[in-house]
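Trainee: I would like to learn how to read aromatic pairs and surface patches. Where do we start?

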Amino acid sequence: MDNNIRYKNYRCSEDLVFSLETFLKAQGIVLLNNYICYNYIVRDFDEEYKSITHDVDLRFLKETLNAYRDYRIITEDYPKEIQVTVNPYLMFWMNAWRSASLTKENNIELLKKVRYFKKIHKSSLKSRLLLSAMSTMLESSIYTR
């Protein structure tokens with residue numbers, strides 16, 4: 001509360017940015033040995049809608065990219081080691097995109113976002129390569145349809 005950290009208004013990926021910002025602004029972190037805690041929320045929806053990631057759609061993909069953008073903004077003034085921790089997240093996005101049924105227009109919209117991220121992300125070679133792979137995947141999808 002002292003740092004005014006709030007969940008973003010995303011349907012998905014809101015925990016990525018919240019957790020990162022919380023860890024970076026914490027004065028200390030405590031590790032509890034021999035303590036297991038798991039918090040799981042069961043949504044009261046029909047079975048097919050219980051999982052947010054069940055159906056990957058344009059909104060899901062755009063919001064995960066927005067979370068990535070927020071992640072980059074938060075880590076901008078931190079060392080490269082903090083900034084590159086997003087690489088598994090980018091790989092998750094690529095796998096999610098592969099399972100989506102998107103139109104050519106949807107992919108064009110996503111490509112614009114990915115190209116923007118390529119411009120602002122200068123710190124990590126691996127991240128830049130992943131963003132290039134994302135661009136290539138989207139371009140292939142757009143120009144082969």
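Mentor: Start with burial. A residue counts as buried under 20% relative accessible area, as exposed over 50%, and as partly exposed in between. Keep in mind that this is a predicted model.

Trainee: Is Tyr 68 buried or exposed?

Mentor: Tyr 68 has 0% relative accessibility, so Tyr 68 counts as buried.

Trainee: How do I describe a pair of rings?

Mentor: Give the distance of the centres and the angle of the planes. By the pairing rule, the count here is four aromatic pairs. Take Phe 60 and Phe 92. Their ring centres are 6.2 Å apart and their planes meet at 65°, so this pair is edge-to-face. Phe 60 sits in helix α2 and Phe 92 in helix α4 (residues 87-98), 32 residues apart, so the pair links distant parts of the chain.

Trainee: What about Tyr 68 and Phe 117?

Mentor: They form an edge-to-face pair, with 5.0 Å centre to centre and 90° between the planes. Tyr 68 lies in helix α2 and Phe 117 in helix α5 (residues 104-120), so the pair ties together parts 49 residues apart in sequence. Phe 117 is buried, at 1%.

Trainee: Which residues do ring pairs link into a cluster?

Mentor: Phe 60, Tyr 89 and Phe 92.

Trainee: Which residues make the nonpolar surface patch?

Mentor: Val 30, Leu 32 and Tyr 35 make a patch of about 370 Å². Val 30 is in the loop between α1 (14-25) and α2 (58-75). Its relative accessibility is 69%, so Val 30 counts as exposed.

Methods: Residues are numbered from 1 along each chain as its sequence is written. This is a predicted model: local features need pLDDT of at least 70, side-chain atom pairs count only at pLDDT 80 or more; totals for chains, interfaces and linings use all residues. Side-chain values use heavy atoms; hydrogens and water are left out. Patches are made of residues with over 30% relative accessible area and no salt bridge: like charges are joined within 9 Å, nonpolar side chains (Val, Leu, Ile, Met, Phe, Trp, Tyr) within 5 Å. Accessible areas come from the Shrake-Rupley method with a 1.4 Å probe; for residues, only the protein chains shown count as cover. A salt bridge is a side-chain nitrogen of Lys or Arg within 4 Å of a carboxyl oxygen of Asp or Glu. Helices (H or I, at least four residues) and strands (E, at least two) are DSSP runs, numbered from the N terminus. Buried means under 20% relative accessible area, exposed over 50%, partly exposed in between (1.4 Å probe, protein chains only). Rings of Phe, Tyr and Trp (its six-membered ring) pair if their centres lie within 6.5 Å; planes under 30 degrees apart count as stacked, over 60 as edge-to-face and the rest as tilted.
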